[in-house]
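Please read the points below with the sequence and the structure side by side.

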Amino acid sequence: MSDSFFYQGFNTAFSSIGFIVGLGFLIVLTIIILRIIKGMMIFVSNNNSPKVSIEAKIIDKRGDVSIYRHSNASGHVGNSSSTTYYISFELITHERIELKVPHDQYGLLIIGDSGTLIYQGTRFLSFERTM
């Protein structure tokens, strides 16, 4: 009698763990799908937005560094990082916007520069300095 009780308890515990693992998998899958949908919505929104060309001044710059830790099967642990660059502009209308910019543009643009900013939605396209 005690043997069947043990096996019944084991099966119940094992099925509970399977349920929890399955639920965790569904949660992670849902998060991934929602992020993909959000990214596609931003992409479509930017594409449907008009290209805006306006006089602007660079008022700030910042970089956002993300560090990733990873390991392989042999136990080697490594680190990698990526940096996302942002520039804040003050438009001639006194509105301020911050746009993500490519690293090659980030290094060329200096706080205080004035010129023509071209952007589409939340997408930076170009900045041409006026001399």
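1. Buried means under 20% relative accessible area, exposed means over 50%, and partly exposed lies in between (1.4 Å probe, protein chains only). Because its relative accessibility is 17%, Y106 counts as buried.

2. This is a predicted model, in which local features need pLDDT of at least 70, side-chain atom pairs count only at pLDDT 80 or more, and totals for chains, interfaces and linings use all residues. Residues are numbered from 1 along each chain as its sequence is written, and side-chain values use heavy atoms, with hydrogens and water left out.

3. Y106 sits in helix α2 (residues 103–108); helices (H or I, at least four residues) and strands (E, at least two) are DSSP runs, numbered from the N terminus. Leaving aside residues up to four places away in sequence, Y106 touches K61, R62, G63, Y85, Y86, I87 and V101, where contact means heavy atoms within 4.5 Å. The C-alpha atoms of Y106 and Y85 are 6.7 Å apart, although 21 residues separate the two along the chain.

4. V101 belongs to strand β3 (residues 96–101), on the covered face with I97 and L99. The uncovered face of β3 carries R96, E98 and K100.

5. Strands β2 (residues 77–91) and β3 run antiparallel and are joined by 6 bridges; two strands pair if DSSP finds at least two bridges between them. F89 has I97 in β3 as its bridge partner. In the hairpin of β2 and β3, 4 residues lie between the strands, and H94 takes a positive phi near 70°.

6. Which helix holds L29? L29 is in helix α1 (residues 2–48), and at 35% relative accessibility it counts as partly exposed.
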